[in-house]
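Q: Can you walk me through this one? Keep it short, please.

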Amino acid sequence: LSSVLLFKAGMSLSSPSALEAEIFQYIDVHQSDFIKDLKEWVAVESDSVQPDLRKEVIRMMALAADRLAALGATVNLVNLGSHQLPDGQDLPLPPVILGELGKDPQNPTVCFYGHVDVQPAKKEDGWKTDPYTLTEIDGNLYGRGATDNKGPVLAWINAVETFRALKLAMPVNFKFVIEGMEEAGSLGLQKLLEENQCFFSDVDYIVISDNLWLSKRKPALTYGSRGNACFLVEVECGDKDLHSGTFGGIIHEPLADLIALLGSLVDPTGRILIPGIYDSVAALTEEERKLYESIEFDLEEHKNNSGVKKFLYGTKEEILLHLWRYPSLSIHGIEGAFHEPGIKTVIPAKVIGKFSIRQVPSMDLSVVKQQVVEHLESVFSKRNSPNKLEVSMPLGAKPWLTDVNDPLYKAAKRAIKTVFGEDPDFIRDGSTIPIARMFQTVTQKSMMMFPIGAADDGEHSQNEKISRHNYIEGTKVFAAFFLEISKLHRHLHETSNTETNN
């Protein structure tokens, strides 16, 4: 059906091989079974944010482990201990799955990362269906976790299962890292990865499918994301709030200082005013610029979704450049100032401004922090204020960038062309994907973000969904990818051996 639709849309398909055709047919015939599995997983309220649902997350991990074991995988549920909540309560962390299937030395080993915990969801939040009952409406499968991330995890497992069901030789060896705390910050995961380096010793490639396409219909592969440096700037004049009639006009008010400081950070065009902040931003190459030209991105729809009348830039290319490969600074709020309805003539004793910088690859977090502190101290000193200034960076997540010419991306591009009939967009993400940076830093392996969800899937939002088309075709594209990375890996090794012998 999907192939027919593509032909009707005027797309040219890269013809699947006889083996791929057999695999795709099996997936089409068994799509109802795959949707039934997703329904079972979505029904588990594996919300890792709310403490009273932790037991459901642990149950979800057991379900995922059982599913891998049914494939014939060796499954190790690694205990991470517990963590302490702000109220002092100790809560058990769900175990992390380390799974392994196949040890053929002739095959490449691909490690897949996914998570099976979800964001909070309630029907009364504005869902048109029960968030934990997978419901199909007009070809869309609605349910919390459908696209983030239970659907993609199951699509990968479905693809592996298809080879097993057809009694086909596995083209790659598989390893799995599946966790249940991603939506709560992946507590304990980095330590686990560092302590299990031997698990990754024979891994050639790592694939993460935990993000979305940029378009509703055109596939994409993600090769980078911005980081996030969060700052607090605190100004304090004393130990108590003051009456503006008694003290207004005779003291240096902290809020006035803070507003001046925040106003010095960015200009009306969005350019960051902190000296030196752009010094390490890599120059745009012609090769990279060309990637932006063919990207499918509906600028008007993006503007409508934002609810604003006008963006800072008017072209698709400029918008994407400033979302992905240039840093941005956003001011988020002020703590300590009166913010409720009505008038309160008080001078707050202490106020805290909150802002963040989405930094891009090659920007050093420690350097960014130093530049921010020096700039704010310079602006503050010119005000001759006796108030106390303190600048801190409580959170700093690094950016991530990889090479689109890596074999992983070439194999995935071929698989996408076979299944979807067109080349994918190569995209970055304007937000932060800590898990990608974590895996690349700890394992030092080739890594790729391989989404199958569409831009309108509504991850973290009401009415989250994945379309039946994306779920089933996503299963096919993963299966095709297994074949492509196997072929490409063997070719690279044969070429390398030939050159060595010569």
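A: Start with a term: buried means under 20% relative accessible area, exposed over 50%, and partly exposed in between, with a 1.4 Å probe and protein chains only. This is a predicted model, where local features need pLDDT of at least 70, side-chain atom pairs count only at pLDDT 80 or more, and totals for chains, interfaces and linings use all residues. Residues are numbered from 1 along each chain as its sequence is written, and side-chain values use heavy atoms, with hydrogens and water left out.

Q: OK, is glutamine 25 buried or exposed?
A: Glutamine 25 is exposed, because its relative accessible area is 54%.

Q: And where is glutamine 25 found?
A: In helix α2. Helices here are DSSP runs (H or I, at least four residues), strands are too (E, at least two), and both are numbered from the N terminus.

Q: At what angle do the axes of α2 and α5 cross?
A: Roughly 110 degrees, for α2 (residues 18–29) and α5 (residues 150–165), and the axes come within 10 Å. Axes are lines fitted to C-alpha atoms, for helices over the stretch in contact, and angles run from 0 to 180 degrees between N-to-C directions. So α2 is roughly perpendicular to α5 (65 to 115 degrees; under 35 is roughly parallel, over 145 roughly antiparallel, the rest oblique).

Q: Which residues meet there?
A: Ile23, Tyr26 and Ile27 in α2 meet Thr162, Phe163 and Ala165 in α5. Contact means heavy atoms within 4.5 Å.

Q: New topic: which residues of α12 are buried?
A: Among them are Leu365, Val368, Gln371 and His375. Their cover includes β11 (228–236) and α8 (254–263).
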